[in-house]
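Could you walk me through this protein, stop by stop, while I have it open in my viewer? I would like to know what to select next and what is there.

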Amino acid sequence: MASVQDFIPQPYTGTAESGSFTWSAPSNIALVKYWGKKASQIPANPSISLTLNNCKTVTTLVFEKKEDNGAFSFDLLFEGQPKESFRPKTEKFFERIREYLPFLSQYHFSIDTSNTFPHSSGIASSASGMAALAVNLMSLERQLNPDMTQEHFDQKASFLARLGSGSACRSVKGNVVIWGEHAETPGSTNLYGVEYTPVADMFTTYQDTILLVDKGEKQVSSTLGHDLMHGHPFAERRFAQAHENLTAIKQALATGDVETFIKITESEALTLHAMMMTSNPYFILMKPNTLQIINKIWEFRAETGVPVCFTLDAGANVHVLYPEANKAEVLQFIANDLAVFCQNGQYIEDQVGSGAAVVA
Ligand code: PMV
């Protein structure tokens with residue numbers, strides 16, 4: 001397992017004057033949730049997620065050598081248009097990763113980003129966005145250090161992405177990623193996400209249809225949300241529960257035990273929201289339509305026996321999870337019974353994917 005020291009590079013042997021890379025990185029959806037953190041983006045408990053396939057960020061990094069005056073220099077674009085509002089976050093990210101990528105102040109960068117999902121969908125773009133930027137920066141570092149192994153590339157990309165946005169470290173790899181120290185997962189670490197294998201075939205093609213219940217701005221930023229776990233009356237028990245749930249869901253994923261998968265996934269979603277409802281200040285991030293959808297899913301599952309379940313992010317949207325084998329009937333159910341609870345009837349069809357990829 002790599003330590004922080006392993007991510008501080010030795011003097012570079014390669015050179016890079018100018019060039020560009022383009023990578024895509026997907027979003028991910030946590031099954032066991034990360035909620036609560038310590039300094040330097042260290043999670044209070046381990047989490048596990050499904051990497052998505054269709055919801056992703058595509059980022060082109062253009063670089064050109066400049067005089068190293070210690071300052072960062074970059075232009076930011078969103079879908080080809082200048083996007084100055086991204087500057088503070090990017091500047092902060094560069095500052096945080098400077099010691100791990102000492103070349104950052106030696107180049108002028110142009111960073112052009114676009115998302116495959118609608119802009120104000122309530123789908124956080126920070127996980128896919130930070131992961132896409134991290135793999136691009138690693139491509140440049142690989143050019144400067146041609147001996148770099150693929151393992152180091154992946155680990156450090158995830159390590160850097162984590163420093164941008166915690167859950168982003170789970171977006172570098174697929175299909176299932178664990179982040180955070182877990183006694184029963186050898187190789188697990190707080191520093192970066194690791195791929196979890198073996199996973200039963202059915203989970204490698206699992207479907208996630210994201211119902212857009214509320215496309216507005218997040219009511220509670222995840223930074224504030226994580227903070228609310230400091231001094232939370234149930235925090236310690238919750239963190240311990242995440243370890244237990246991770247042990248159980250790993251087993252379920254490996255053996256194809258859908259029943260256990262459903263129980264833990266739904267309980268984790270409701271626990272995340274329960275933590276917010278019982279914090280100080282308190283929040284209800286679900287909307288009436290979120291509850292309507294959850295009840296409809298439970299009714300449908302009881303009536304048909306189709307193993308469909310839900311999970312939630314820190315918001316009102318609902319992720320509907322189900323096996324590919326049940327795709328036709330679940331999509332029919334969503335169109336008939338759930339779309340009415342979505343804003344403008346909108347939802348996004350996604351499924352498990354394999355992580356960041358170079359775009360030709
Ligand atoms: O990565 P952050 O700091 O935006 O936190 C994400 C937190 C949840 O999405 C609610 C849970 C998770 O594990 O992804």
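Predicted model: local features only at pLDDT ≥ 70, side-chain atom pairs only at ≥ 80, totals over all residues.

A polar contact is a pair of N or O atoms within 3.5 Å.

**Stop 1: the ligand**

Select the ligand and the residues around it. There are 13 of them, and Tyr-34, Ser-167, Arg-170, Ser-222 and His-226 come nearest. Now show the side chain of Arg-170: one of its N or O atoms is 2.7 Å from an oxygen atom of the ligand. Next, pick His-226, where a polar side-chain atom lies 2.9 Å from a ligand oxygen. Finish with Asp-313, which has a polar side-chain atom 3.4 Å from an oxygen atom of the ligand. How much of the ligand does the protein bury? Taken alone, the ligand exposes 380 Å², and the protein buries 91% of that.

**Stop 2: the two domains**

Zoom out and colour residues 4-198 as domain 1 and residues 206-351 as domain 2. The centres of the two domains, taken over C-alpha atoms, are separated by 26 Å. Where they meet, 33 residues of domain 1 are in contact with 43 residues of domain 2.

**Stop 3: the largest nonpolar core**

Which members of the largest nonpolar core touch the most other members? Select Ile-48, Phe-94, Phe-109, Leu-137 and Phe-261 to see them; the core has 77 residues in total. Helix α2, residues 126-144, gives the largest share of this core, with 11 residues. Both domain 1 and domain 2 take part, each supplying at least three residues.

Stay with Phe-94 for a moment. Setting aside residues up to four places away in sequence, Phe-94 touches Phe-72, Phe-74, Leu-104, Phe-109, Ile-111, Leu-133 and Leu-137.

There is also a second, separate core of 23 residues, and its members include Ile-293, Val-306, Val-330 and Phe-341.

**Stop 4: Phe-74**

You will find Phe-74 in strand β5. Is Phe-74 buried or exposed? Its relative accessibility is 3%, and the limit for buried is under 20%, so Phe-74 counts as buried. Beyond residues up to four places away in sequence, Phe-74 touches Arg-87, Thr-90, Glu-91, Phe-94, His-108, Phe-109 and Ile-111. For a try at the distance tool, go from the C-alpha of Phe-74 to that of Arg-142: the two residues are 68 apart in sequence and 20 Å apart in space.

**Stop 5: Leu-101**

Move to the loop between α1 (87-97) and β7 (107-115), where Leu-101 sits. Leu-101 counts as buried because its relative accessibility is 0%. Leaving aside neighbours within four places in sequence, Leu-101 is in contact with Tyr-12, Leu-137, Met-138, Glu-141, Lys-156 and Leu-160.

**Stop 6: Thr-311**

Now select strand β11, residues 309-312, and find Thr-311 in it. Thr-311 has 0% relative accessibility and therefore counts as buried. Show side chains here: that of Thr-311 makes a polar contact of 3.0 Å with the side chain of Lys-33. Beyond its neighbours within four places in sequence, Thr-311 is in contact with several residues, among them Ile-29, Thr-265, Asn-317 and Leu-321.

**Stop 7: the backbone**

Asn-175 is in the loop between α3 (150-164) and β8 (176-179). Another joins Thr-197 and Pro-198, with omega about -5°, and Pro-198 is in the loop between β9 (193-195) and α4 (201-204).

Gln-41 is not a glycine, but its phi is positive, near 60°. Look for Gln-41 in the loop between β2 (37-38) and β3 (42-43). Glu-79 also has a positive phi without being glycine, near 50°, and its loop lies between β5 (73-78) and β6 (81-82).

Which of these residues is buried and which is exposed? Gln-41 counts as buried because its relative accessibility is 6%. Glu-79 counts as exposed because its relative accessibility is 51%.

Definitions and conventions:
Residues numbered from 1 in each chain as written. Heavy atoms only, no water. Core = buried A, V, L, I, M, F, W, Y, C linked by side-chain atoms within 4.5 Å. Buried < 20%, exposed > 50% of the residue type's maximum accessible area, 1.4 Å probe, protein only. Helix = DSSP H or I, 4+ residues; strand = E, 2+ residues; numbered from the N terminus. Domains from an automatic or database assignment. Contact = heavy atoms within 4.5 Å. Near = heavy atom within 4 Å. Polar contact = N/O pair within 3.5 Å; in protein donor to acceptor, adjacent residues only side chain to side chain. Areas by Shrake-Rupley, 256 points an atom, 1.4 Å probe, with all protein chains shown as cover.
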